[in-house]
Amino acid sequence: MDNHPKIMYGKDAVAAIKDRVKQFITDHQSDIPTLAIVYSSQYATNSIDQFTKGIIKDCNEVGINIRMVDISSHTVKKSISVIKDLNEDPNITGVIIQRPIPFTREDEERVVASIDPNKSIDMIHPLRVVMPCTPTGIMSLLLHYTEDDY
């Protein structure tokens, strides 16, 4: 094992992960995943649009389908109903809420809590207990660069 410092490039790790995901989806063509992105066009800003465009670009690169769901004109009750429909739809693999959405903090928490924990892609559901994204990303980067060493 080399003890010298090593520069780790996130783009290399991301490319390798995307290749593995793309291969997995290619091997399982009968079960292509679909991500539902719940958002409010009323509150869309350039940064949110860029973030959402990045998600869509990444999904397109690996073969994941996207369903955009605009809740900007919905009430809290209607938004929860829409999310419950996504939960029950066997063609929807995961759900992500692109914030901000047009509700108070308490109502937003109710909307988020309506996502099936097994379909909560960004792990924001209160029952979804996982490692936060940044440490998970760091671990993925470290594993990418050390898997050849073990």
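I take helices (H or I, at least four residues) and strands (E, at least two) as DSSP runs, numbered from the N terminus. This is a predicted model, in which local features need pLDDT of at least 70 and side-chain atom pairs count only at pLDDT 80 or more, while totals for chains, interfaces and linings use all residues. Residues are numbered from 1 along each chain as its sequence is written, and side-chain values use heavy atoms, with hydrogens and water left out.

**Entry: the overall picture**

I found 5 helices and 3 strands in the protein chain. Reading from the N terminus, I noted the order α-β-α-β-α-β-α-α. Next I looked up burial, where buried means under 20% relative accessible area, exposed means over 50%, and partly exposed lies in between (1.4 Å probe, protein chains only). Of the 150 residues in the protein chain, 30% are buried. I also checked contacts, meaning heavy atoms within 4.5 Å. Among the contacts in the protein chain with a separation of 6 or more, 77% join residues 24 or more positions apart.

**Entry: the sheet**

I count two strands as paired if DSSP finds at least two bridges between them. The 3 strands form an open sheet with parallel pairing, in the order 2-1-3. Strand 2 (65-70) and strand 3 (94-97) are the edge strands, each pairing on one side only. On average, neighbouring strands of this sheet are turned by 20° against each other, direction ignored; the axes behind this angle are lines fitted to C-alpha atoms. Strand 1 (residues 34-39) pairs with strand 2 in the parallel sense over 6 bridges. I picked out Ala36, which stands opposite Arg67 in strand 2.

**Entry: helix 1**

How far should the 18 residues of helix 1 (residues 10-27) span at 1.5 Å a residue? They should span 26 Å, and the end C-alpha atoms are 26 Å apart, which agrees. The expected span here is 1.5 Å times one less than the number of residues. I listed Ala13, Lys18 and Ile25 as the buried residues of helix 1. Seen down the axis, the buried residues of helix 1 fall within an arc of 135°, so they line one face of the helix. The arc is that of the directions from the helix axis to the C-beta atoms. On the other side of helix 1, I found Asp19 and Asp27 exposed.

I then stayed with Ala13, which is buried at 5% relative accessibility. Not counting residues up to four places away in sequence, Ala13 touches Leu141 and His144. Its C-alpha atom is separated by 7.9 Å from that of Tyr145, 132 residues apart along the chain.

**Entry: Thr52 in helix 2**

Thr52 sits in helix 2 (residues 46-62). Is Thr52 buried or exposed? Thr52 is buried, with a relative accessible area of 10%. Leaving aside neighbours within four places in sequence, I found Thr52 in contact with Ile37, Met68 and Gln98.

**Entry: helix 3**

The buried residues of helix 3 are Val76, Ser79, Ile80, Val82, Ile83, Leu86 and Asn87. They cover an arc of only 160° around the axis, which puts them on the same side of helix 3. What covers these buried residues includes strand 1, strand 2, strand 3 and helix 4 (105-113). Lys77 and Glu88 are exposed on the other side of helix 3.

Definitions and conventions
Axes fitted to C-alpha atoms, helices over the stretch in contact; angles between N-to-C directions.
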